[in-house]
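Please read it alongside the structure shown here.

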Amino acid sequence: MKIGIFTVIFGDRPLEEALDAIAAAGIQAIELGAGAYPGTRHLDDVGGVDKLIKDEAARKKLKKMVEDRGLVIDSLSVHGNPLHPDRRIADDHHTAFQNAVLLAEKLEIGVVNGFSGCPGDGPRAKNPNWVTCAWPDEYREIVDWQWKKKVIPYWKSQNRFLRAHKVKFAIEAHPGFVVYNPETALKLRKAAGQNIGVNFDPSHFWWQGIDPIAAARNLGEAGAIFHVHAKDTKIDAINSAVNGNLDIKAYSDILHRSWVFRSVGYGHDVSWWKDFVSTLRTVGYDGVLSIEHEDGLMSKAEGIAKAMETLKAAVIAEKAGEMFWAKE
């Protein structure tokens, strides 16, 4: 199992400077933004997505920059909303998704990460509508319309596209989109096809009341975990006790929020991460743990250092156990 990082954290630096910093931190793999919400900052430094798809020399240049620093590209990410009711946004994010798949095929990368998207509440909607309750009955009617008319038809078509280009799409189960938990992830996978699975990010599960280790077993047994994000969450016991965890205050309002994202190790200790890594290995995932830094309480350098300390201990512990049993 390798430790990687989502390079959008270094969006303030050119690609080569970002790669130098990543290699110096002891990280082994990178996840590159290829459009939609993550943008294309670092791929633009080597000509942009369109050029990389068409130009083998540009792809070789990118690979050399990465490999010369002892790194590998493990995935591309296009977190967006191709089901957005605003046709301009939907078309832009759809194009970004398909171009990322084409580029992943050319780079011989097997996985593209992103979101499921979320439609509106009907044909005349202007904004997405994420339904979170079963009553009044019209809320369930909205969900039925979304899945039957928008979600399943779109992703069935995209699964065929993915299969044709030998790429898997790892959906990050994220509140605000139709896939936000294991049940909805597996519902879409069953309806749309096996090239669609999960980018497993435990940080979005904790505050929903989901046990990420139980979720990893559930999704892993279904063969649905294609990629993993390493990000932590801290529940504020006082604010949560008063208001619950459905919190729409700005992430920057840390004092008053019921929960916040934290660097790996500051929400849950190393023993939890050891169990998580062991569970992933048990269900057959031996890929990259890609660090995402969205911690409003510490700098990039501090957050990455803590994440590396925690994840290295978790991965090394798992390897040590594996070696012990191999000797037996």
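1. A residue is called buried under 20% relative accessible area, exposed over 50%, and partly exposed in between. Arg-140, at 43% relative accessibility, therefore counts as partly exposed. Asp-137 is likewise partly exposed, with a relative accessible area of 38%. These two residues form a salt bridge, with the closest N and O atoms 3.4 Å apart. The model discussed throughout is a predicted one.

2. Across the whole structure, a search finds 18 salt bridges. One of them pairs Arg-69 with Glu-16, the closest N and O atoms being 3.1 Å apart. Arg-69 lies in the loop between helix H4 (56-67) and strand S3 (72-77), whereas Glu-16 belongs to helix H1 (residues 15-24), so this pair ties together parts that are 53 residues apart in sequence. Arg-69 is partly exposed at 22% relative accessibility, and Glu-16 is partly exposed at 42%.

3. Lys-60 forms a salt bridge with Glu-56, with 3.7 Å between the closest N and O atoms. Both residues lie in helix H4, four residues apart, about one turn of the helix. Lys-60 counts as exposed at 54% relative accessibility, while Glu-56, at 47%, counts as partly exposed.

4. The largest nonpolar core holds 84 residues, of which Trp-155 and Phe-200 touch the most other members. Helix H5 (residues 87-107) supplies the largest share of this core, seven residues. Leaving aside residues up to four places away in sequence, the contacts of Phe-200 include Phe-205, Pro-212, Leu-219, Ile-225, His-227 and Phe-276.

Key: Residues numbered from 1 in each chain as written. Predicted model: local features only at pLDDT ≥ 70, side-chain atom pairs only at ≥ 80, totals over all residues. Heavy atoms only, no water. Core = buried A, V, L, I, M, F, W, Y, C linked by side-chain atoms within 4.5 Å. Buried < 20%, exposed > 50% of the residue type's maximum accessible area, 1.4 Å probe, protein only. Helix = DSSP H or I, 4+ residues; strand = E, 2+ residues; numbered from the N terminus. Contact = heavy atoms within 4.5 Å. Salt bridge = Lys/Arg side-chain N within 4 Å of Asp/Glu carboxyl O.
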